[in-house]
Amino acid sequence: MINKREVKPMLHRQKCKKCEFYTIYQVVPVGEKAILSCTHCEYAEEIPWDREIKATFKSKEKFLKNLEELYPELQELKNPGDHTSLD
Ligand SMILES: [Zn+2]
């Protein structure tokens, strides 16, 4: 029997390594790991799940929040699949 933790996926904004857009990224905890994926191009990678993970993504989000002044289009990133380029 598998003991499944019920964990909601976390969403945050970041620049995608693959499609190079600023997009909504999803983090889904899977046991000891988490799947980090771009909701635009579906690029995905496995990362270790640790206590720092929430803080890491919070700081990424804070970084983009600060960029919003320069790039108001970042405010449009709200739902999975949303993406924007800042050029
Ligand atoms: Zn992408």
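Student: How confident is the prediction, on average?  What pLDDT does the protein have?
Tutor: This is a predicted model, and the protein averages a pLDDT of 91, with 93% of the residues scoring at least 70.

Student: And which elements have the lowest and the highest mean pLDDT?
Tutor: Among the elements of the protein, helix 1 has the lowest mean, at 92, whereas strand 5, covering residues 83-84, has the highest, at 98.

Student: Turning to the strands, in which sense do strand 2 and strand 3 pair?
Tutor: They pair in the antiparallel sense over six bridges, and valine 30 stands opposite lysine 33 of strand 3. The two strands form a hairpin with two residues between them, and glycine 31 in that turn has a positive phi of about 60°.

Student: How many bridges does strand 3 make with strand 4?
Tutor: Strand 3 and strand 4, the latter being residues 44-48, pair over five bridges, in the antiparallel sense, and isoleucine 35 has glutamate 46 in strand 4 as its bridge partner. This hairpin has five residues between its strands, and glutamate 42 takes a positive phi near 70° there.

Student: OK, the core then. Which residues make up the largest nonpolar core?
Tutor: That core has seven residues in all, namely Tyr22, Ile24, Tyr25, Val27, Ala34, Cys38 and Leu77. Strand 2 (22-30) and strand 3 (33-38) are the elements that give two or more residues to this core, and strand 2 gives the most, with four.

Student: What does tyrosine 25 touch?
Tutor: Leaving aside residues up to four places away in sequence, tyrosine 25 touches His12, Arg13, Gln14, Leu36, Ser37, Cys38 and Thr39.

Student: Now the helix: is helix 1 well covered or hardly covered?
Tutor: Helix 1 is hardly covered, since the count of buried residues among its 15 residues is zero. Helix 1 comprises residues 53-67 and reaches 22 Å from its first C-alpha to its last, close to the 21 Å expected at 1.5 Å a residue.

Student: Why does asparagine 66 count as exposed?
Tutor: Asparagine 66, which is placed in helix 1, counts as exposed because it has 10 C-beta neighbours inside 10 Å, and the cut-off for exposed is 12 or fewer.

Student: And how far is asparagine 66 from lysine 17?
Tutor: Their C-alpha atoms are separated by 20 Å, the two residues being 49 residues apart along the chain.

Key: Residues numbered from 1 in each chain as written. Predicted model: local features only at pLDDT ≥ 70, side-chain atom pairs only at ≥ 80, totals over all residues. Expected span 1.5 Å × (residues − 1). Buried ≥ 20, exposed ≤ 12 C-beta atoms within 10 Å, placed from the backbone. pLDDT = per-residue confidence, 0-100. Core = buried A, V, L, I, M, F, W, Y, C linked by C-beta atoms within 7 Å. Contact = placed C-beta atoms within 7 Å. Pairing = 2+ DSSP bridges.
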